[in-house]
Amino acid sequence: MKLALDKFSDNPIIDEILDCMDNTRVISSIRASRPMWRKPFIEIEYITGNPDHRHFMKDSFNRYWADAEVVLETLTNIQLMSEFDSGAVNNKEAMVETILSTRNACIRECEPMYEAQLYQVFVDQFGSNYKNLPTETLSKIETAKKAL
């Protein structure tokens, strides 16, 4: 869900992924790599098969990737692959609770868009890679898509 992901865009990996997300290109997978002699990177694979690479500074890449994995696993249906052990996230359960609370707040924030029949704007807030949305929200997304 793009709007909720935006709330976590202080993480540079999430920020770069948001840059790549639009409703015309669905992301199928993201692979994280930390080569020894080069900058760490993520490879974003789209359903169309065209990969996109984003490079990062070595400092803190492991921590940023570990946090991004939790956020992306919780909010999206994107398959995540890591070629290294990024380490455990401190207090993962609390982080997931925060992510879900943020997602729920974002859903409430989108309601006025739906009620005002701003269907394109409403659909854009969710993007194409959402998961675990409430049934009512999924129904509204489908209604909005049909109205476009």
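Predicted model: local features only at pLDDT ≥ 70, side-chain atom pairs only at ≥ 80, totals over all residues.
Close-up 1. Five aromatic pairs are present in the structure. F56 and F61 form an aromatic pair classed as tilted, with 5.7 Å centre to centre and 35 degrees between the planes.

**Close-up 2. The ring cluster of Y114, Y119, F122 and F126.** Ring pairs join these residues into a cluster. Y114 is one of the buried residues of helix α4.

**Close-up 3. Helix α4, residues 92–115.** The helix has 24 residues, which at 1.5 Å a residue should span 34 Å; the C-alpha atoms at its ends are 35 Å apart, so the two values agree. Its buried residues are M95, I99, T102, R103, C106, I107, C110, M113 and Y114. Residues three or four places apart in an α-helix point the same way, because there are 3.6 residues a turn. The buried residues of α4 pack against α1 (2–6), α3 (61–75), α5 (119–126) and α6 (135–147). After α4 comes Q117, with a positive phi near 60 degrees.

**Close-up 4. E97 in helix α4.** E97 counts as exposed because its relative accessibility is 57%, over the 50% cut-off.

**Close-up 5. Arginines over tyrosine rings.** R25 sits over the face of Y46, 4.3 Å from the ring centre. R63 sits over the face of Y64, at 4.6 Å from the ring centre.

Technical notes:
Residues numbered from 1 in each chain as written. Heavy atoms only, no water. Helix = DSSP H or I, 4+ residues; strand = E, 2+ residues; numbered from the N terminus. Expected span 1.5 Å × (residues − 1). Buried < 20%, exposed > 50% of the residue type's maximum accessible area, 1.4 Å probe, protein only. Contact = heavy atoms within 4.5 Å. Phe/Tyr/Trp six-rings, centres within 6.5 Å; stacked < 30°, edge-to-face > 60°. Lys NZ or Arg CZ within 6 Å of the ring centre and 35° of its normal.
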